[in-house]
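Here is a friendly walk through one protein model, from its sheet to its core. Have the viewer open as you read.

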Amino acid sequence: MAAQVAPAPPDAQPRGPARNVMAAPRGPPGPPRNIPVVDREKTCPLLLRVFTKNGAHHTVEDFSVRGKEPKDEVQIYTWRDATLRELTDLVKEVAPAARKREARLSFAFVYPDRRGRNVIRTVGMTHSTPSARRGDDFRSLAELQFQTGDFLDVAIFS
């Protein structure tokens, strides 16, 4: 049985051309317009040194001596267009606390300032379970002004 549309009353004014009204597609937003997409087949990945800690970020003093960084390091080869969601999934593979359903991951860059002293700058937060409603999941390293050589510090809150 086919659905029928009732005709408009004769005194109704036309509302313009008929439109197909559908909800906007869900899913991750596309890449930002000002950040070029990296061709991962042709571009060499960079080494990202990731340091994880349960309950809090590492302190600046933990990174003060080169070569004596925290022991809980994971080395990831990735590209500048990698999103925080991609990095979350990689961290979940090596950190059991990040796999918990209610776990939140806070990301921070560790880099030297103009005087050569390290600073820690928080750049985003993700949750263990992905969601299209959370904005930081789809932010890329390039969008967050990551520079090759920066460390990534990840605090895992359960």
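## The sheet

Two strands count as paired when DSSP finds at least two bridges between them. Keep in mind that this is a predicted model. In it, five strands form an open sheet with mixed pairing, in the order S2-S1-S5-S3-S4. Strand S2 (73-78) and S4 are the edge strands; each has a single partner strand, so one side of each has no neighbour in the sheet. On average, neighbouring strands here are turned by 30 degrees against each other, ignoring direction.

S3 and S4 run antiparallel and are joined by nine bridges.

Which residues of helix H1 (residues 84-94) are buried? They are Leu84, Arg85, Leu87, Thr88, Val91 and Lys92. Looking down the axis of H1, you will find these buried residues within an arc of 155 degrees, so they line one face of the helix. The buried residues of H1 pack against strand S1 (46-54), strand S3 (104-112), strand S4 (118-127) and strand S5 (151-157).

## Aromatic pairs

Searching the whole structure turns up four aromatic pairs. One of them joins Phe51 and Phe151 in an edge-to-face arrangement, with 5.3 Å centre to centre and 70 degrees between the planes. Phe51 belongs to strand S1 and Phe151 to strand S5, so this pair ties together parts that are 100 residues apart in sequence.

Together with Phe63, Phe51 and Phe151 form one aromatic cluster.

## The nonpolar core

The largest nonpolar core has 22 residues, and those touching the most other members are Leu48, Val50, Phe107, Leu152 and Ile156. Two or more residues of this core come from each of S1, S2, H1, S3 and S5.

Leaving aside residues up to four places away in sequence, Leu48 touches Val74, Gln75, Ile76, Thr78, Leu87, Leu141, Phe146, Asp150 and Leu152.

Technical notes
Residues are numbered from 1 along each chain as its sequence is written. This is a predicted model: local features need pLDDT of at least 70, side-chain atom pairs count only at pLDDT 80 or more; totals for chains, interfaces and linings use all residues. Side-chain values use heavy atoms; hydrogens and water are left out. Buried means under 20% relative accessible area, exposed over 50%, partly exposed in between (1.4 Å probe, protein chains only). Helices (H or I, at least four residues) and strands (E, at least two) are DSSP runs, numbered from the N terminus. The arc is that of the directions from the helix axis to the C-beta atoms. Contact means heavy atoms within 4.5 Å. Axes are lines fitted to C-alpha atoms, for helices over the stretch in contact, and angles run from 0 to 180 degrees between N-to-C directions. Rings of Phe, Tyr and Trp (its six-membered ring) pair if their centres lie within 6.5 Å; planes under 30 degrees apart count as stacked, over 60 as edge-to-face and the rest as tilted. A nonpolar core is a set of buried Ala, Val, Leu, Ile, Met, Phe, Trp, Tyr and Cys residues joined through side-chain atoms within 4.5 Å.
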